[in-house]
Amino acid sequence: MKQQHPRSLTALLTLGGMMTPFALSPAHADTVVKIGFSSPLSGPQAHYGKDNESGAKLAINELNTKPITLGGQKVKFELRSEDDQADPRAGTQAAQRLMDAGVKAVIGHFNSGVTIPASRIYAKAGVPQLSVSTNPAYTAAGYKTAFRLVGSDSQVGGALGRYAVQQLKAQRIAVIDDRTAYGQGIADEFIQSITRLGKPPIKREYTHDKATDFSAILTALKAQKPDIVFYGGADAQAAPMARQMKRLGMSATLMGGDMLSTETFIKLAGANALGHISAVPGGPLEARPAGKAFQARYQASYQQNVVLFAPHFYDAVMMVADAMKRANSPEPAKYLPLLAQTRYQGVSADFSFDTKGNLKQAPVTISAVEGNAWKVRSVVQ
């Protein structure tokens, strides 16, 4: 509740069918609606999280330049950010803090291993959660509050598997994952895909999401002469892996999911990034009707390019506000049913959800490093 001005009169106003106390001043006081956000804002994955936060902040700022009215009261949105450190325990603590703060929606988390346990907290509170996490278990739980903003690992891993076998004609494929929910999940789906196509992996190895030395694993794989090394994990590990593959004289192509598809991977791997392949759930941003305009606004606001999922976090905030507007209320119980029925043309995608909260139309974009940038090779529906 907004702090009462010394000269204000206290009134009880009805908002979305609920009697709520508001402090009104002669100049008029806005209703503050808190939107929760959580992603890794510190540690080796902070560049993903800060990009996510920037996308959400951009949406909040734009909403507040043209305030909407809910239940007769002008609304001001505020973003409440929490650092989940890409850690499940820290993530559930962050989730509880968001619930204690009274947020009306949560945009996050980023990592599947954090999103899945946090989703139980949001479901219990009845607060919608919109996430880019790709592990199928996120929506398989059946929570009515869970919405996935991108395709799942089954779609991304499957598309990469088909591309490896059918387009690259790979004969010998090795797999490494970092044992996180994301890394293991996408590796499992990739393996299922290539196995269905008659090319099961010649070897599977494991590492962890803080590792930087892969010489022992890669030396063992080199003897197997792989055409492709698939890595389920983040760019902070994939980049040194690419360098070490080159140093060992391996000619295999490194392949992975969306967490590889960043400028950070190219910067860290340098010339060793050339030719490696990633897949992102969603279509190319520049191909979207509002994609280039979003990129321009993002660059003007933050003096950098989009890292990965900022457009999706922007869209998530806008979709929540749109559902609130249609419900004429910021209360989750009021707008949640309308969020589930969303038909929203966003910056990153055309959003509509199935009964589990999965995106109905979820293309996958496969890219390769050419020069100093990721270049689109294929868009798979």
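Start with strand E17 (373–380), which gives four residues, the largest share, to the lining of the largest pocket. A pocket is an open set of points on a 1 Å grid over the protein atoms alone, with protein on both sides within 12 Å along at least five of seven lines, and lining residues have an atom within 4 Å of a point. The model is predicted, with local features needing pLDDT of at least 70 and side-chain atom pairs pLDDT 80 or more, while totals for chains, interfaces and linings use all residues. Residues are numbered from 1 along each chain as its sequence is written, and side-chain values use heavy atoms, without hydrogens and water.

Stay with the pocket and select Ser261, Glu286, Gln295, Val306 and Trp374, which lie nearest its centre among 27 lining residues. Besides E17, the elements giving two or more residues to this lining are helix H9 (263–269), E13, H10, helix H11 (310–327) and strand E16 (364–370). The volume is about 710 Å³, taken as the space filled by probe spheres set on the grid points, which are joined across faces, edges and corners. Colour the lining by type: 12 residues are nonpolar, 12 polar and three charged. In this division Ala, Val, Leu, Ile, Met, Phe, Trp, Tyr, Cys and Pro are nonpolar, Asp, Glu, Lys and Arg are charged, and the others, including Gly, are polar.

Next, select helix H7 (residues 215–222), where Ile217, Leu218 and Leu221 are buried. Looking down the axis of H7, the buried residues fall within an arc of 90°, so they line one face of the helix; the arc is that of the directions from the helix axis to the C-beta atoms. Buried means under 20% relative accessible area, exposed over 50%, and partly exposed in between (1.4 Å probe, protein chains only). These buried residues of H7 pack against strands E9 (173–177), E10 (203–206) and E11 (228–232), and against helix H8 (235–247). Contact here means heavy atoms within 4.5 Å.

Now turn to the salt bridges, each a side-chain nitrogen of Lys or Arg within 4 Å of a carboxyl oxygen of Asp or Glu. The count by this rule is 13.

- Select Arg204 and Asp177, whose side chains form a salt bridge at 2.6 Å, N to O. Arg204 is in strand E10 and Asp177 in strand E9, so the pair ties together parts 27 residues apart in sequence. Arg204 is partly exposed at 24%, and Asp177 is buried at 0%.
- Select Arg288 and Asp350, which meet at 2.9 Å, N to O. Arg288 is in the loop between strand E13 (277–281) and helix H10 (291–302), and Asp350 is in strand E15 (residues 350–351), 62 residues apart. Arg288 is buried at 15%, while Asp350 is partly exposed at 34%.
- Select Lys74 and Asp30, a salt bridge at 3.9 Å, N to O. Lys74 lies in strand E5 (residues 73–83) and Asp30 in the loop between strands E2 (18–24) and E3 (31–39), so the pair ties together parts 44 residues apart in sequence.

Finish on Lys34 in strand E3, which is partly exposed at 31% relative accessibility. Beyond its neighbours within four places in sequence, Lys34 is in contact with Glu78, Ala101, Gly102, Val103, Lys104 and Ala105. For a distance check, the C-alpha atoms of Lys34 and Asp153 are separated by 31 Å.

Terms used. 1 Å grid on protein atoms, 1.4 Å probe; cavity = no way out; pocket = protein on both sides within 12 Å on 5 of 7 lines; lining within 4 Å.
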